[in-house]
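Hi,

Here is the structure I promised to pass on. Have a look at it first, and then read my notes below.

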Amino acid sequence: RMDQALLLVRNELPSPGLNLAARSGSCHQCLYQFLAFVPPSNESLRKPGTASVMVDTQHPLTLLLNSSVGDRDLCKIQYHFGEFGNYSLVVKTLSTSNQTVSCDLIINEGPINSYLPILFAFLVYMGILALLIAGRLLMKIDPVRNWVYKKLNPRATDRMINSELGSPNTTDSINCDPAPQSWSSGSRQRLRSLDTFRGLSLVIMVFVNYGGGKYWFFKHESWNDICQLHFPSALFSRFVFIMGTSIALALGSILRWGSSKWKVLRKIIWRSFVLILLGIVVVNPNYCLGPLSWDNLRIPGVLQRLGFTYLVVAALELLFTRADSGTWEGRFPALQDILPYWPQWIFILVLETIWLCLTFLLPVPDCPRGYLGPGGIGDFGKYPNCTGGAAGYIDRLLLGEKHMYQHPSSGVIYQSTMPYDPEGILGTINSIVMAFLGLQAGKITLFYKDQPKQIMSRFIIWGIVMGVISAILTKCSKEEGFIPINKNLWSISYVTTMSCFAFILLLLIYYLVDVKKWWSGAPFLYPGMNSILVYIGHQVFANYFPFKWKMQDSQSHAEHLIQNLTATTLWVIISYILYRKRIFWKI
């Protein structure tokens, strides 16, 4: 099967038999898992004992062979098997005098290169991009542009030819941008980099949610991550971050138009309610399976967390924001985007203190205080039912096990059996912190409007500060830090690390799109301007044609990749069509 290899163990040793166990390289402090019993060789027939097992190829494995009697370890082998490879492990005696045992791994049939489809897909998309860039450059050549206009719009060309002056007037001129002047002027005032940032995160999120070609690195990490290089875990956090940035810009604009704060607050509450309600509907699909039982209704989810986070951060900003974002007349004008809002910072610090106290001080039955592990076979199997520590315990206590996510990512590697929800209650505190840091990015763009150097320098400073905090909390390691980077827990180190990357990424996109205007933001701009529709749409229609179809070979990465890329591309095209028709679904 996909992500598996065949291992044939040949035991040339006399009785007793052997026990074969394995441990994944991505499983921290895990117990070895029994794979197979290998019978002893038949000396009379000179026939070795054999056993065949399927081994995982996603991560390096440590194989352990020991005697079935006495539990004596004979050999230990670390190896990263290749997908669909065929291997033999030959166990024999080198010397009968000192009973030296040899374990030799032989490749019977080489694995396939399952990463070639990714390279091919990359080249195809780069080819399409090159064609679009070439077409854009050709359109700047007058003869080519006139010929295209003549073919696409002959009536306008006839008016130009028949005109007395030989050229069209202003009202008859052909504009490559079909949008009216009011729309184009409004677009220029809008920071396209924010929509591009949001759209980029959303497009990758859609691709990952559709399966990511079934590649392991496009799946969420089982538990802790190192420096958040496993980028699927970063997508939702970027969405939360840019939501906070948009709150700062939107509220400032609404209040400048003269809306009362009470009216805006009612709109914030309503939007949060709709997001939470849509989230509950989306994460509990029944399709044609009949009515869904209230007993098994999952309560937390992505949109639910976005809705509640939006409610808290938007209300907090509304309470202290000013309609006039002019220069602050204080002692430290360089901190005008921070000091006037000191009550907000105190509120966020209190929230983070609550998270720290609950995480590290709350007594959890049968679990050590401050436990941050995955449970299951992790930590040598000492705490199998402690998945998520206090975070999991609070969700089970307040929501009930049946109202949580039943198949957490920790169940694959760590074989944890307890329900655990990555969008649970305790983690929502840190998603509020993440959105607040995004809010800070929005304030920077407001207070230093038309000062791109000031904006970019502050983005760099914030990125460095967040990176330093992450380095201290994690000790630059995956497992040995004070607070590891963990998307399932939404640990504070995860928030600071993701904020560091978000500030730097926003800086790059802002520089390319809004400052230098070297990039229009396409194609990510379009889904970024219709993010709610694309997100809900890709969830609702995930199992419908043309987003999904029956494959010829379900064990092929190539077919999964084609299907997932096609579905993601279709949503980009749909968002582009809606953009051209000026259809935007707002809540």
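Is Lys 487 buried or exposed? Lys 487 counts as buried, because its relative accessibility is 11%. By "buried" I mean under 20% relative accessible area, while "exposed" means over 50% and "partly exposed" is anything in between (1.4 Å probe, protein chains only).

Before we go on, a word on the ground rules. This is a predicted model, so local features need pLDDT of at least 70 and side-chain atom pairs count only at pLDDT 80 or more, whereas totals for chains, interfaces and linings use all residues. Residues are numbered from 1 along each chain as its sequence is written, and side-chain values use heavy atoms, with hydrogens and water left out.

Salt bridges

Back to Lys 487, then. Its side chain meets that of Glu 423 in a salt bridge, 3.4 Å from N to O. To count as a salt bridge, a side-chain nitrogen of Lys or Arg must be within 4 Å of a carboxyl oxygen of Asp or Glu. The background is simple: side chains of opposite charge can pair when their charged atoms come close.

Glu 423 is buried too, at 8% relative accessibility. Both residues also belong to a network of salt bridges that links Arg 298, Asp 421, Glu 423 and Lys 487.

How many salt bridges does the structure hold? There are seven. Here are two others to look up:

- Lys 478 and Glu 221 meet through their side chains at 3.5 Å, N to O. Lys 478 lies in the loop between α13 (452–474) and β10 (485–486), and Glu 221 in the loop between α5 (192–209) and β9 (224–225), so this pair ties together parts that are 257 residues apart in sequence. Lys 478 is partly exposed at 22% relative accessibility, but Glu 221 is buried at 12%.
- Lys 443 and Glu 317 form a salt bridge at 3.4 Å, N to O. This pair links distant parts of the chain, with Lys 443 in helix α12 and Glu 317 in helix α8 (residues 302–320), 126 residues apart. Lys 443 is buried at 2% relative accessible area, and Glu 317 is buried at 2% relative accessibility.

The names of helices and strands come from DSSP runs: helices are H or I with at least four residues, strands are E with at least two, and both are numbered from the N terminus.

Helix α12

Since Lys 443 sits in α12, let's check that helix.

Now find strand β4, residues 49–56. One face is covered and holds Gly 49, Ala 51, Val 53 and Val 55; the uncovered face holds Thr 50, Ser 52, Met 54 and Asp 56. Why the every-other-residue pattern? In a regular strand the side chains alternate between the two faces of the sheet.

Strand β1 (residues 4–11) pairs with β4 in the antiparallel sense over eight bridges. Two strands count as paired if DSSP finds at least two bridges between them.

Disulfides

The structure holds three disulfides, each being a pair of cysteine sulfur atoms within 2.5 Å.

- Cys 27 is joined to Cys 30, S to S 1.7 Å. The torsion about this S-S bond is about -70°, so the disulfide is left-handed. Cys 27 and Cys 30 are buried.
- Cys 75 and Cys 103 have their sulfur atoms 2.0 Å apart, and their link is left-handed with -85° about the S-S bond. Cys 75 lies in strand β6 (residues 73–79) and Cys 103 in strand β8 (residues 100–109), so the pair ties together parts 28 residues apart in sequence.
- Cys 367 is joined to Cys 386, S to S 1.9 Å. Here the torsion is about -95°, so this disulfide is left-handed. Both cysteines are buried.

If you number the bonded cysteines in sequence order, the pairing reads 1-2, 3-4, 5-6. Two further cysteines to look at are Cys 476, exposed at 56% relative accessible area, and Cys 500, buried at 14%.

Cheers
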